[in-house]
Amino acid sequence: MKKFLKAVLPVILISTCCTGKKAESREFCREPVKIEIAENSTIVCFGDSLTYGHGCDSATESWPALLQKRVCIPVINSGVNDNTTADAVMRYKTDVLDHNPAIVIFDFGGNDLFLPSKKLSYKKIEENFRFMLNQIDFEKTHVYIMRFYNNQMRFLDVFGSFDRMLKRLEKDYGVEIIWDAWKGAWGKPDCKYDMTHCNAKGYRIMEENIFEVIEPFLEANALLKAAE
C-alpha cells in the first residue's frame with residue numbers, strides 16, 4: 001500500500017484535521033468465541049505492507065512481531081508489500097490455511113482501491129474476501145478484518161462503501177472488524193513513515209489497538225503468555 005491516488009490525498013489530509021473530538025466507535029461487544037487449540041495452531045497476520053511492516057527499521061518492529069511477545073503460539077507475518085485481495089487469493093492456501101490458524105487477521109484493500117496497476121472494483125474485492133472466508137473452518141479459526149484507514153475517513157464515499165462491505169462480511173460470516181487500528185497514530189508526524197504507513201512508534205500504537213480487539217478471544221482460549 002505504498003501509494004494513494006494523488007487526487008485523494010488532499011481530501012484525506014482535510015479529513016484528519018478534525019476538532020479533537022473522540023472518533024465514534026464502530027465496535028460492539030460480543031461473547032468471545034472458544035475453539036480447540038492444537039499443538040500446531042498459529043496466528044496468521046495476512047495482509048499487505050501495513051502487516052509486513054513497511055516503514056520499520058527492522059522486522060521486529062512490525063505489529064505482528066510485537067503481538068508475538070504477548071501470545072504463546074507462533075505469530076506468522078504473511079504481509080507482502082503492494083498486495084491486493086487478488087494476490088491474497090493466489091497465496092491463501094500456502095500462506096494461511098497450511099499454517100493451521102487459530103486466528104487470521106486480514107489486512108487488505110488499500111492497494112485494491114488506490115494502486116493504479118492493481119486497482120479492483122468493490123464487487124471484485126468483496127468476491128475475493130468471500131472466496132477466502134468460504135474456505136475457513138470457523139470451528140477451528142476465528143477471523144478479524146482490519147480496516148486499513150482511520151475512523152474519521154469513513155465519511156468519505158470511497159471508504160463508506162468499503163465500510164458497508166465490511167459490515168456485510170461481519171453479518172454473513174461472524175467475523176470481527178478491527179475498525180480503527182490507526183487510533184492515536186494517524187495524522188501524527190512522529191508516528192508516520194509516509195502518508196499511508198507507520199514508523200516503529202506508529203506500529204507500536206497499531207499493535208496496541210489490534211490487541212485491544214483480539215484480547216478477549218486470546219484470553220478465552222488461553223493464548224496469552226503468562227506474566228513473567
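Author: Start with a pair of helices. The model is predicted, and in it the crossing of α6 and α7 is right-handed.

Reader: What makes α6 and α7 roughly parallel to each other?

Author: The angle. Helix α6 (residues 122-133) and helix α7 (residues 157-173) pack at about 25°. Angles under 35 degrees count as roughly parallel, so α6 and α7 get that label. Their axes lie 11 Å apart.

Reader: Which residues of α6 and α7 make the contact?

Author: From α6 come Y122, I125, E126, F129, R130 and L133. From α7 come V158, S161, F162, M165, R168, L169, D172 and Y173.

Reader: What does I105 touch, not counting residues up to four places away in sequence?

Author: I105 touches V44, C45, F46, W63, L67, Y144, M146, I178, I210 and I214.

Reader: How do you know that the side chain of N221 makes a polar contact with the backbone oxygen of V33?

Author: The side chain of N221 reaches that oxygen at 2.8 Å. The cut-off is within 3.5 Å. N221 also touches K34, I35 and I37.

Reader: And R30? Why is R30 called partly exposed?

Author: R30 has 27% relative accessibility. Buried needs under 20%, exposed over 50%. The value falls in between, so R30 counts as partly exposed. R30 lies in the loop between α1 (9-16) and β1 (42-47).

Reader: Which residues is R30 in contact with, leaving aside neighbours within four places in sequence?

Author: E170, G174, V175 and E176. R30 and E176 are 146 residues apart along the chain, yet their C-alpha atoms are separated by 9.5 Å.

Reader: How many helices and strands does the protein chain have, and what share of residues count as buried?

Author: The chain has 8 helices and 7 strands. Of its 228 residues, 51% count as buried. Among contacts between residues at least 6 apart in sequence, 78% join residues at least 24 apart.

How values were computed:
Residues are numbered from 1 along each chain as its sequence is written. This is a predicted model: local features need pLDDT of at least 70, side-chain atom pairs count only at pLDDT 80 or more; totals for chains, interfaces and linings use all residues. Side-chain values use heavy atoms; hydrogens and water are left out. Helices (H or I, at least four residues) and strands (E, at least two) are DSSP runs, numbered from the N terminus. Buried means under 20% relative accessible area, exposed over 50%, partly exposed in between (1.4 Å probe, protein chains only). Contact means heavy atoms within 4.5 Å. A polar contact is a pair of N or O atoms within 3.5 Å; within protein, one must be able to donate a hydrogen and the other to accept it, and residues adjacent in sequence count only if both atoms are side-chain atoms. Axes are lines fitted to C-alpha atoms, for helices over the stretch in contact, and angles run from 0 to 180 degrees between N-to-C directions. Angles under 35 degrees count as roughly parallel, over 145 as roughly antiparallel, 65 to 115 as roughly perpendicular and the rest as oblique. A crossing is left-handed if the near helix is turned anticlockwise from the far one by less than a right angle, and right-handed if clockwise.
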